[in-house]
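Let's take a walk through the inside of a protein model.

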Amino acid sequence: MTSPNATAPDTIVRGETDRPGITPGTARRVTIASFVGTSLESYDFYLFAYFSAFFVGPLFFQPLGVFGGVLAGFLTIAAGFVIRPIGAIIFGHLGDRIGRRPTLLITILMMGIGTGLVGVLPTYATAGWFGAIALVVLRLVQGLSLGGEWGGSILLATEYANPKRRGFYAALPQLGSPVGSILSAVVFILMSTMLSQADIAAWGWRIPFLTAIPLLLVSLYLRWSIDETPVFKQLLETGKRDRFPVLQVFRKAPSGFVIAIGAAVLGIGSYSLMNTYMVDYGTAVLKFSFSDLLIATTIGGLLQLVTIPLFGVWATRIGSARVVAIGAIGTLIIAFPMYFLLQYATFPILVGSMIIGGILPTLSWAGLGGLMSDLFPSDVRYSGLSVAYSIAALLTAFVPALTLILGNATGNAWWHPGIVLGIMSVITLVAALFAARRRPIIDEVVAPE
């Protein structure tokens, strides 16, 4: 095996045949299991994002005041990302040592339980700072599980797939993000129409978190019902597993690791900016209603259910890296005009901004899994994907908080979110251009005799 390095592109191509012995029914079950897991992950994330932007401050950080409470809520979100690389190291190691399937069972269990327990926490009015501390602890549990969830879900889909269609199958788990966004927004929309603001603040906010438990049971069943990936089975048969795969990532794919981090910045960070910061900014500064923002977000998410698979098909034709680069260029072009128009504070402009500002970064999001899978050999792929993605998530974890601080410092000048979105676009564009120059690493799976 030729090791990639900073000056030579990866050239490990081991075949482009279909995976032997895999029926269409098996491929569908695996895709569904992967997709449902990422949907639960995103549902839990967006529940916490909406909750932090609107409810965390008054309920758990009441003594800090309005600005301090919102900032504390955003930093609570960030806490989950800070610990995420540790989870990536732990579960990346397990995924490359004991297998993709058992590792994903552990991560989804932690995520579901951690989210469900948020729904039973006491508020500051009931138990003082205990509830806030417990909230941060549960967020850390979520962060640990998230560290291994995304990379494993991508591998579950791609390591069953024909390598020629890796870009498409790597895009399908990305549907989990708009599905999670839609489900969480719909839950809050329903609550806002059926309950008074006082009831939501008193007890209604607990309902969305408690719904994570039945969703967890469905996800566990689907993942329990599938088999280990063919690629990992072959690693077991050939004995090619590394003892410390995380360390081997830096030996076998150092340049790929750096590229993967940069490529993931826009896909992750744009969601934090649009779906977390914009909820607070839209209500506090632009004076939209909370329901209007959730409806606009839901409309944008529904459109992504169509565009992500289409972008995945496009990735199989022109390459995942090129799709990511096109998304970054488009986002950079519209960043400042979009936020300028939002100052007019009309609902159609809000919906248009969520659609355009969602679709263009979604190009980068849809192509991300394929781009990153192409950068790492199979024996360290779980670790490589998980750790690189988690570091990118950590770098973008403070996007809502930093944008809030920038807005406060500039008197909420219309252009301040555009600066943040533009910087993320440039970073991802540069990484995607480097990725497009490299040949993908594809591992042939040989049928047993």
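This is a predicted model: local features need pLDDT of at least 70, side-chain atom pairs count only at pLDDT 80 or more; totals for chains, interfaces and linings use all residues.

Residues are numbered from 1 along each chain as its sequence is written, and side-chain values use heavy atoms, with hydrogens and water left out.

So, how many cavities of 30 Å³ or more are there? The count comes to 2. A cavity here is a set of points, on a 1 Å grid over the protein atoms alone, where a 1.4 Å probe fits but cannot get out, and its lining residues have an atom within 4 Å of a point. Grid points are joined across faces, edges and corners, and the volume is the space filled by probe spheres set on the points.

The largest cavity has a volume of about 210 Å³. Look for Glu41, Ser42, Phe45, Trp365 and Tyr389, which lie nearest its centre among 19 lining residues. Helices H1 (24-60), H6 (130-158), H8 (176-194) and H14 (254-284) each give two or more residues to this lining, and H1 has the largest share, with 5. (Helices are DSSP runs of H or I, at least four residues, numbered from the N terminus.) By class, the lining has 10 nonpolar, 7 polar and 2 charged residues. Ala, Val, Leu, Ile, Met, Phe, Trp, Tyr, Cys and Pro count as nonpolar, Asp, Glu, Lys and Arg as charged, and the others, Gly among them, as polar.

Now for the second largest cavity, at about 130 Å³. Of its 15 lining residues, Tyr271, Met274, Asn275, Gln304 and Gly358 lie nearest the centre. Here H17 supplies the largest share, 5 residues, and the lining is made of 5 nonpolar, 10 polar and no charged residues.

Next, find Thr362 in helix H17 (residues 347-373). Is Thr362 buried or exposed? Thr362 is buried (under 20% relative accessible area, with a 1.4 Å probe and protein chains only), at 0%. Leaving out residues up to four places away in sequence, Thr362 touches Tyr271, Gln304, Thr307, Ile308 and Phe311; contact means heavy atoms within 4.5 Å.

Last stop: helix H19 (residues 399-409), whose buried residues are Val399, Pro400, Ala401, Thr403, Leu404 and Gly407. Their cover includes H2 (65-82), H14, H18 (381-396) and H20 (416-436). After H19 comes Gly411, with a positive phi near 65°.

How values were computed:
Buried means under 20% relative accessible area, exposed over 50%, partly exposed in between (1.4 Å probe, protein chains only). On a 1 Å grid over the protein atoms alone, a cavity is a set of points where a 1.4 Å probe fits but cannot get out, and a pocket is an open set with protein on both sides within 12 Å along at least five of seven lines; lining residues have an atom within 4 Å of a point.
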